[in-house]
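Thanks for coming. I will go through a few packing details in one model, and then stop. Please have the sequence and structure open.

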Amino acid sequence: MSPTAIGIIGILIMLAIFMTKMPVAYVMTLVGFVGFGILISFPAALALLPRNFYDSFSSYELTTIPLFVLMGQLAFNGGISRKLYNTAYSFMGNIKGGLAMATVSTCTAFGAVCGSSPATAATMATVGMPEMKRFGYADSLSAGSVASGGGLGMIMPPSVVLIIYGILTEQSIGALFVSGILPAFLMTFLFITCVYITCRIDPNQGPRGEKFTLSQKIKSLLGLADTLAVFALVMSGLFYGFFTPTESAAVGVFGVLCVSIIRRQLTWKAFVKSLYETLQTSTMILFLIAGAVVFGKFLAVTRIPFEVASWVSGLALSPFLIMGIIILIYFIGGCFMDSLGLIMLTIPIFYPIVTNLGYDPIWFGVIIVLVTEMGVITPPVGINVYVVYGVSRGVVGDIALEDIFRGILPFLIATVVGIIILIIFPQIILFLPHLMY
């Protein structure tokens, strides 16, 4: 049997095991280990497994993940995320679906002090879902808006995925960060529009909330000050070269910690809780990355990625159609693999093809992040869906996994629309990098 055939069988077996609700990281690790052992040798697989896990957990570049998660947890336990939510709620709460709109907007703002999609989703599930439950929102809309909005943390700087892309392609991290700002706002607008249309079709999905006076709305804007201060600290330091992208995560943690202490919003108990939750969330994410790396090594020896890349580059098609095929491959791959693992596996293959076709590497980075953003909310991997599912059980009770996947469908369509807009108008991505660099 050829390596490619074994690879296809391995993928099918992985999908079948996913149906048993076994943790995704364990499934990818198991299938990758067994598949690698069959194709190479089991002694080699036994040597591969601890080395890949150790490399993932000890990687200097990946230290940004626990640091950004810690920044998000400190912001949550220090009341920053609650302030952001209250500000958005003050302006949108009295609209049908307003709480879901506020949740999406807060996800974008919170992404500016977090940088991690699962961490953003977990935080907003804790903050937003109890409120939506209180006002009678449908589980599908409340969970879907949180899981999908959490994906905005991948594109809003500082973004962990953009950092990894920049390291792999040797592109300017600062340019990548500023290139994600306008697309993040575009996706926020499209998600809000999506919520509005959903509630127009079925008003019971998102009833109206409280109405606030103009003075209350203006006063709530003060809740943005903390986030803007931390965002300015991190981004200005990166632009002027005061610290590296990896160090920026530590600077961000320090900034959030200082703000919380100065405002006396972070107790010792909350600080310890932040450390515990950071350890829990970071371990989950790093296990997913390590599992994706093991599975990626298995895919590499099956030569499936290389066969696909060779097939794509050999097509007698226009650059536009080839780019469309690459995006489709990323979308399908994002349904089965963690976004970081997928990018680490495929960028060395597709990046030379894309640059040879004449596409801007900064533009390509943002597009790929948006495409893999769909992967964090689509089955069978859908890490944000499982994060929201796990967190929601502790704050609002059991929500069916099927309801969450049904709730993300309109947001998935909105993401596709956003990607099409950014392909047609690449200036939206490139305007700020060209202006500042």
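I start with α9 and α19, which are oblique to each other; oblique is what remains once angles under 35 degrees are called roughly parallel, over 145 roughly antiparallel and 65 to 115 roughly perpendicular. This is a predicted model, where local features need pLDDT of at least 70 and side-chain atom pairs count only at pLDDT 80 or more, while totals for chains, interfaces and linings use all residues. Residues are numbered from 1 along each chain as its sequence is written, and side-chain values use heavy atoms, with hydrogens and water left out.

Helices here are DSSP runs of H or I, at least four residues, numbered from the N terminus. Two packed helices are described by the angle between their axes and the distance between the axes. For α9, residues 160-169, and α19, the angle is about 140° and the axes are 10 Å apart. The axes are lines fitted to C-alpha atoms over the stretch in contact, and angles run from 0 to 180 degrees between N-to-C directions. The crossing is right-handed, meaning that the near helix is turned clockwise from the far one by less than a right angle.

Which residues make the contact between α9 and α19? From α9 they are V161, L162 and Y165, and from α19 they are P361, F364, G365 and V369. Contact means heavy atoms within 4.5 Å. By class, that contact has six nonpolar residues, one polar and no charged; Gly counts as polar, and Tyr and Pro as nonpolar.

Helix α19 (361-375) comes up again, among the elements that cover the buried residues of α22. Buried means under 20% relative accessible area, and exposed over 50%, with a 1.4 Å probe and protein chains only. In α22, residues 427-436, the buried residues are I429, L430, L432 and P433. They line one face of the helix, because seen down its axis they fall within an arc of 160°, taken over the directions from the axis to the C-beta atoms. The face turned away carries the exposed residues Q427, H434 and L435.

L141 lies in α8, residues 139-150, and is buried at a relative accessible area of 4%. Beyond four places in sequence, L141 is in contact with residues including A100, V195, C199 and F411.

S260 lies in α14, residues 245-262. Is S260 buried or exposed? S260 is buried, at 0%. Outside its four-place sequence neighbourhood, S260 touches L74, G78, I80, Q265 and L266.

Terms used:
Helices (H or I, at least four residues) and strands (E, at least two) are DSSP runs, numbered from the N terminus.
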